[in-house]
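Biologist: Before I plan anything around this protein, could we go through the model together, question by question?

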Amino acid sequence: MQIKRLSEELAVSGQIAEDDLASLAAAGFRSVICNRPDGEGADQPTHEEIERAATAAGLSFRYLPVTSGKVTDADAAAFAEAMRELPGPVFAYCRSGMRSSTLWALGEAGQVPMPQILGAAKAAGYDLNGVARRIANGGKTPTDTGDAKFDVVIVGAGAGGISVAASLRARKPDLQVALIDPADIHYYQPGWTMVGGGIFQPEDTAKTMGSLIPRGVHWIKAAVAAFEPENNAVILDGCRVVKYDRLVVTPGLKLDWARVEGLEETLGRNGVTSNYRYDLAPYTWKLVQGLKSGRAIFTQPPMPIKCAGAPQKAMYLSGDHWFRSGVLKNIDIQFNNAGGVLFGVKDYVPALEKYVEKYGASLNFFHNLISVDGPAKKAVFEVKKPDTDPTTVEMDFDMMHVCPPQTAPDFIRVSPLADAAGWVDVDQSTLRHKSFDNIWSLGDVMNAPNAKTAAAARKQAPVVAENIAADIDGRSAVAQYDGYGSCPLTVERGKIVLAEFGYGGTLLPSFPKFLVDGTKPTRTAWILKERLLPPIYWKAMLRGKEWMAQPEPLKVAAE
């Protein structure tokens, strides 16, 4: 007997024996539900035998037999009723535990978010994506799905989604394309570092979503609940179903603020801020201007995160302001990084280290933020240095800029599209899904080993568009992504170290060295970031104009 817990009130397993009931009682269970019909297996004890053993062990018992592969709505309702009536915690079993898990999931539908249900089941070893439609429909079998059908469906209308939609329509104007995204506002997130440094105004980084959806693209303003790749279907909240011939998945990633204890409660006050949120970036600038002495902590969580340089960009721009204001000598800057290096591509590190020295910042590697007490202005970090036992350190602060832990969105992590770590599983060159030939992914959500930046999405979108167009024409993939990513490191107001690199840390500069030497801080790179990149984003990238982003032909290995 292997006990698999789905919630505090329920655990499941495969077939149990009479001898197991005493162990279940000793483990704290108070009730048992049998979901396996008698006679399903030759060596299976009857439910009466299990019931006698349960009664002898002081356990309540209920027999709710369900035919394998035929969990009805009435079965789910009966299971939910039993869960309400029986003393808990409850232990349920069938042949493998799958039927019991399905019954539980359908009973929880409408009360618990679907990703939480699917995630709990997945952690216990049960894939319930096959009943996702029923979960989305409140646990009931849908009677009218009201399907819509498109040539290409794109999940996520961020930088990647809108760009690939525009690039597809430019290649095939008659293509029926749908974008699925519930958001009203689209943000130019690379600008938030500049907002936090007092350079951009926050409103300059936001536009209405409706103004950006490419002409001829159908916008479905809804959230995705689940995927059915075998049926070429996306399930929306409310159990609406959208069918597709080809699917592009690019919803970005999830900022997991809740993973740091106490952080959500203190964000935006008590000196705790983050440039990773539109409403908080102005607070960063307010704190920087107001700090005349004390300690400023800047944090960076474990990888992967979007724009790996953003945590230190905030530190450099803050340090530059304090330097120019003449108060830097009174401020103790601490950069607490869960990783072991300042920047992942070594060619750019020497220039960055000079600014760390200029601002007198202390680099604390292997320091990961785990809790915050805002009113007390104290932060606790777990320190996990190689070959040493983990420890914790507490640090006082007057200001703290937090980069939150980041994961794939919940509905992606529990889906059939995800790899073991929860990211969409793609070929890193063609960006096509490894298991489903009519699915592609780009942006922060997929598992290619590249930097998660808007510049990366700018290069990925034409590759995906080109390869989908080729697939529609009956051809193999024709374009490849080389891992390009760009991180303009704002080391001071007016100068940037323009890091551009691809897979394996290979340098991929866009400009001749005499114009921009990316390994050194330059004024030219600052002009690019401040004046050129925003209009390129709004007026070129999101409109399918592939300036300096033409897809590279796929290199085919010689046989």
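## Reading the model

Biologist: What should I keep in mind about numbering and confidence?

Modeller: This is a predicted model, in which local features need pLDDT of at least 70 and side-chain atom pairs count only at pLDDT 80 or more, while totals for chains, interfaces and linings use all residues. Side-chain values use heavy atoms, with hydrogens and water left out, and residues are numbered along each chain as its sequence is written, starting from 1.

Biologist: In which loop is Pro-304 found?

Modeller: Most residues other than glycine have a negative phi, and most peptide bonds are trans. The bond from Met-303 to Pro-304, however, is cis, with omega near 0°. Pro-304 is found in the loop between β16 and α11.

Biologist: Is Leu-431, which has a positive phi, buried or exposed?

Modeller: Leu-431 has a phi of about 65° although it is not a glycine, and its place is the loop between α13 (410–413) and β24 (439–441). Relative accessible area decides the matter: under 20% is buried, over 50% is exposed and anything in between is partly exposed, using a 1.4 Å probe and protein chains only. Since its relative accessibility is 0%, Leu-431 counts as buried.

Biologist: How does Asn-270 count by relative accessibility?

Modeller: Asn-270 is another residue other than glycine with a positive phi, near 55°, and it is found in the loop between α9 (263–266) and β15. Because its relative accessibility is 25%, Asn-270 counts as partly exposed.

Biologist: Which strands are the edge strands of the open sheet?

Modeller: Five strands, in the order β15-β22-β16-β17-β18, form an open sheet with parallel pairing, where two strands pair if DSSP finds at least two bridges between them. β15 and β22 (residues 399–401) are joined in the parallel sense over two bridges, and Thr-273 stands opposite His-401 in β22. Each edge strand pairs on one side only, and these strands are β15 (272–273) and β18 (362–365).

Biologist: At about what angle does helix α11 run to β16?

Modeller: Helix α11 (residues 310–325) lies across β16 (294–300), β17 (331–337) and β22. The axes are lines fitted to C-alpha atoms, for helices over the stretch in contact (heavy atoms within 4.5 Å), and the angles run from 0 to 180 degrees between N-to-C directions. Relative to β16, α11 runs at about 155°.

Biologist: How many disulfides are there?

Modeller: A disulfide is a pair of cysteine sulfur atoms within 2.5 Å. The sulfur of Cys-34 is 8.7 Å from the closest cysteine sulfur, in Cys-94, and so is too far for a bond. Likewise, the sulfur of Cys-403 has its closest cysteine sulfur in Cys-307, at 9.1 Å, which is also too far. By this rule the count is zero.

Biologist: How many residues of α14 are buried?

Modeller: Helix α14 (residues 454–472) reaches 27 Å from its first C-alpha to its last, close to the 27 Å expected at 1.5 Å a residue, that span being 1.5 Å times one less than the number of residues. Just after α14, Gly-474 takes a positive phi of about 85°. The helix is mostly covered, and the number of its 19 residues that are buried is 15.

Biologist: Which residue meets Asp-471 in a salt bridge?

Modeller: A salt bridge is a side-chain nitrogen of Lys or Arg within 4 Å of a carboxyl oxygen of Asp or Glu, and the structure holds 26 of them. The one formed by Asp-471 and Arg-246 is 2.6 Å, N to O. Asp-471 lies in helix α14 and its partner in strand β13 (residues 241–249), so the pair ties together parts that are 225 residues apart in sequence.

Conventions. Helices (H or I, at least four residues) and strands (E, at least two) are DSSP runs, numbered from the N terminus.
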